[in-house]
Amino acid sequence: MSRILPTIVGAQFCCTSLWFAGNAVAPELAARFQLPAGFVASLTSAVQLGFISGTLLFALLALPDRFSPSRVFFVSALAAAAANLGVHLSDLGAEGLLACRFLTGFFLAGIYPVGMKIASDYYQEGLGRSLGWLVGALVLGTAFPHLLRSLTAALPWYYVTGATSVLAVLGGVAMLLLVPDGPHRRPGQRPRLTAFLAGFRQPEFRAAALGYFGHMWELYAFWAFVPVVLAAFQARHPAAALTVPLLSFGIIGGGSMACVGAGLLARRLGPAQVATTALALSGGCCLASGVVLGLGSAVGLVAFLAFWGLVVVADSPMFSTLVARHAPAESRGAALTIVNCLGFALTIGSVQLTGWLAPRLPPQLLLLPLALGPALGLWALWRGRQVVQ
């Protein structure tokens, strides 16, 4: 039993390294396929759209509930690794490149939410702590390709995609061999196309899901535009000499520690209290950004973004805990998957809105609209404060 959580966490880290593998080598891919510079932004959208499509299908068919979730994880890891390697094909073209990234995201739907399902099947008590480690692994895994590229700058770009695919295979194999079905698993008998909606009839599940949606509105837009904010500051203050890629990795990847810390803190305060506090702090950062991002201090900017990077993701495992805790046991996998699907759909909206506003707003005001997410989440948690614990 002692090996279960470390194996799940390690497998999650290995497999989610595929998420931004394309982004880490985006300039090289653009040069290889003779694409305009703006095209590389489509790589992220392709993965997100693939993930949304995958989570929707997985939820409709209730795959993690009908079949062994460890086997679903394993098959998904192999398929995602193969899709990630697809960018190595010659004469792929722009459409083929986006298709490979879409398929990578599609099969990630059998990794991230299924990993949470596996953890919830093992850890009914202390689920917040377990998911803190799990989401921390996701955060570190998504940031890892950028670090990997910085360490292999002298090597060809395909070392990054090759290494992340190998990691994904190892993670899938570890999950299959070392993590059998959990003692709290209740397998579904057959697919029910409305099974994933059952949880939304329960007020505690609905409140937790709405809180998660507000959190997601802010999270990925913040991650996506951290390099933009740093680069804009560098352009206004050339003497600052900021190392944008390395700082971006540190600000994003540092959130993994906050996830683990939030999981430990939840044992004393409860996941709802930790989620509410973190969401309020990140919402405050959204509002404060209108002032802080306009200041001329590089140290102050980096410190502010580093703090924001911690609190913006600290509530993620707490919301996953609340959703898993209040989901119907027989459709928990489908419920977790559809909540992920809807949450990631919101990320596309917030990222696209922020991108549309970028040339229309002063840089210091760019992240202010992200406060809409924490406001929604806090409202949902306040409304459900009697039932969400």
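Select M116, Y212, F319, S320, V323, L336, V339 and N340, which line the second largest cavity, a space with a volume of about 30 Å³. A cavity is a set of points, on a 1 Å grid over the protein atoms alone, where a 1.4 Å probe fits but cannot get out, and lining residues have an atom within 4 Å of a point. The volume is the space filled by probe spheres set on the points, with grid points joined across faces, edges and corners. The model is predicted: local features need pLDDT of at least 70, side-chain atom pairs count only at pLDDT 80 or more, and totals for chains, interfaces and linings use all residues. Residues are numbered from 1 along each chain as its sequence is written, and side-chain values use heavy atoms, with hydrogens and water left out.

Helices are DSSP runs (H or I, at least four residues), as are strands (E, at least two), and they are numbered from the N terminus. By class, the lining of the second largest cavity has six nonpolar, two polar and no charged residues. Here Ala, Val, Leu, Ile, Met, Phe, Trp, Tyr, Cys and Pro count as nonpolar, Asp, Glu, Lys and Arg as charged, and the others, Gly among them, as polar.

**The largest cavity**

The whole structure holds two cavities of 30 Å³ or more. For the largest cavity, of about 40 Å³, select Y112, V135, L138, V139, Y212, M216, L219, Y220, W223, V313, S316 and F344. Helices α9 and α11 are the elements that give two or more residues to this lining, and α11 gives the most, with five. The lining of the largest cavity divides into eleven nonpolar residues, one polar and no charged.

**Helix α8**

Now display residues 112-122, helix α8, where eleven of the eleven residues are buried. Buried means under 20% relative accessible area, exposed over 50%, and partly exposed in between (1.4 Å probe, protein chains only). Among the buried residues of α8 are Y112, M116 and Y122.

**The largest pocket**

Which residues are closest to the centre of the largest pocket? A pocket is an open set of points with protein on both sides within 12 Å along at least five of seven lines. The largest pocket holds about 990 Å³ of space. Of its 31 lining residues, N23, T44, H146, A224 and P227 are the closest to its centre. Helix α11 supplies the largest share of the lining, six residues. The lining of the largest pocket comprises 19 nonpolar, eleven polar and one charged residues.

Move to P156, in the loop between α9 and α10. P156 is partly exposed, at 34% relative accessibility. Select V25 as well: P156 and V25 are 131 residues apart in sequence, yet 9.7 Å apart in space, C-alpha to C-alpha.

**The surface patch**

Finally, show L78, V169, V173, L176, L177 and L178, which make a nonpolar surface patch of about 440 Å². Helix α10 (residues 158-178) gives the most to the patch, with five residues. Patches are made of residues with over 30% relative accessible area and no salt bridge; like charges are joined within 9 Å and nonpolar side chains (Val, Leu, Ile, Met, Phe, Trp, Tyr) within 5 Å. A salt bridge is a side-chain nitrogen of Lys or Arg within 4 Å of a carboxyl oxygen of Asp or Glu. Accessible areas come from the Shrake-Rupley method with a 1.4 Å probe, and for residues only the protein chains shown count as cover. End at L177 in helix α10: L177 is exposed, with a relative accessible area of 64%.
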